[in-house]
Amino acid sequence: MTETAQPYCMNRKYFAAAAAILAVAFAVLWVAYGLEGKTRQTFNCAQSIPTLAVLPSNEYEEAFSSGIQTYPADAQTTEKVSHTTEKTVYLTFDDGPSDRITPKILDILDSENVKATFFIVGQQAERRRYLIRREAESGHTVAVHSYTHDYKKIYRSPQSLIEDIDRCNDVIESITGRRSCVYRFPGGSYGLKSDIIAAAAEHGMRYVDWNASTRDAEWGAGGTDDLYRNAVETSANCNNIVLLSHDSTDKKYTPEATRKIIKYYKQKGYTFGTF
Ligand SMILES: [Zn+2]
């Protein structure tokens, strides 16, 4: 071997070690951010209110008098957000219904006499119509999340997004008798292309993101106390909170966390709103 071979070999060893470290780091990040697909939300509501909703202007007063930021923003609504002092929390549950978790959450909401908004997955609802019926009859809002919850299909084009929304709404209408214009983009609207967002708005959907989260869909989410603490921490100093949770089948700590979260916000003087 020549004299230059040794350094070359060593470089290769270092290179392999560095590549392995990078691969592990990447895998950890990928798992942490990948479980809910595109985790793009900002949790610190002191920085901004990333909660957006598209509303016809005549509905600003009714639905958003408590000051949730609206889209498209205008001077009137911006004014409203900055001067709001009333404290409202909107509990939202995505990705249900599930036989295992949804009834527990509904029982807790009943016992606390609180209403919430359920962003449902049509495919799951078709096989669990009794749960959607119960949500609607109990006075909760049944809203559109997706039919398939398959990002690749949904976000392929504006057209496929609208098809997905309509299919989910067909299921909602077949159970409740009415369609919903309240929508949550799978993964949230952050980072989506403007033509995708515009398509939903032009289709008459008001979309709602969130500005606080139990982080129950994230890797290593922890138990009841962790979810509770996440909700409290991510909503600190917020007058208007849209809290993200999930009622999909593996979210076993979400129901009891929800009970604690409700008691906390009640004690802090919040009222509970729905979309
Ligand atoms: Zn979802």
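Colleague: What should I know before we start?
Modeller: Residues are numbered from 1 along each chain as its sequence is written. The model is predicted, so local features need pLDDT of at least 70 and side-chain atom pairs count only at pLDDT 80 or more, while totals for chains, interfaces and linings use all residues.

Colleague: At what angle do helix 10 and helix 11 cross?
Modeller: Helix 10 (residues 224–234) and helix 11 (residues 254–267) cross at roughly 40°, and their axes come within 8 Å. Axes here are lines fitted to C-alpha atoms, for helices over the stretch in contact, with angles from 0 to 180 degrees between N-to-C directions. Helices are DSSP runs (H or I, at least four residues), and strands are too (E, at least two), numbered from the N terminus.

Colleague: Which residues make the contact?
Modeller: T224, L227, Y228, A231 and V232 come from helix 10, and T254, E256, A257, K260, I261 and Y264 from helix 11. Contact means C-beta atoms, placed from the backbone, within 7 Å.

Colleague: New topic: which residues of helix 10 are buried?
Modeller: L227, Y228, N230, A231 and T234. Buried means 20 or more other C-beta atoms within 10 Å of the residue's own, with C-beta atoms placed from the backbone. Those residues cover an arc of only 160° around the axis, so they sit on the same side of helix 10. The arc is that of the directions from the helix axis to the C-beta atoms.

Colleague: And what covers them?
Modeller: The cover includes strand 6 (212–213), strand 7 (240–246) and helix 11.

Colleague: How near do the axes of helix 8 and helix 9 come?
Modeller: Within 9 Å, for helix 8 (residues 158–176) and helix 9 (residues 194–202). P158, L161, I162 and I165 of helix 8 meet D195, I196, A199 and A200 of helix 9.

Definitions and conventions: Two residues are in contact if their C-beta atoms, placed from the backbone, lie within 7 Å. A residue is buried if 20 or more other C-beta atoms lie within 10 Å of its own, exposed if 12 or fewer, and partly exposed in between; C-beta atoms are placed from the backbone.
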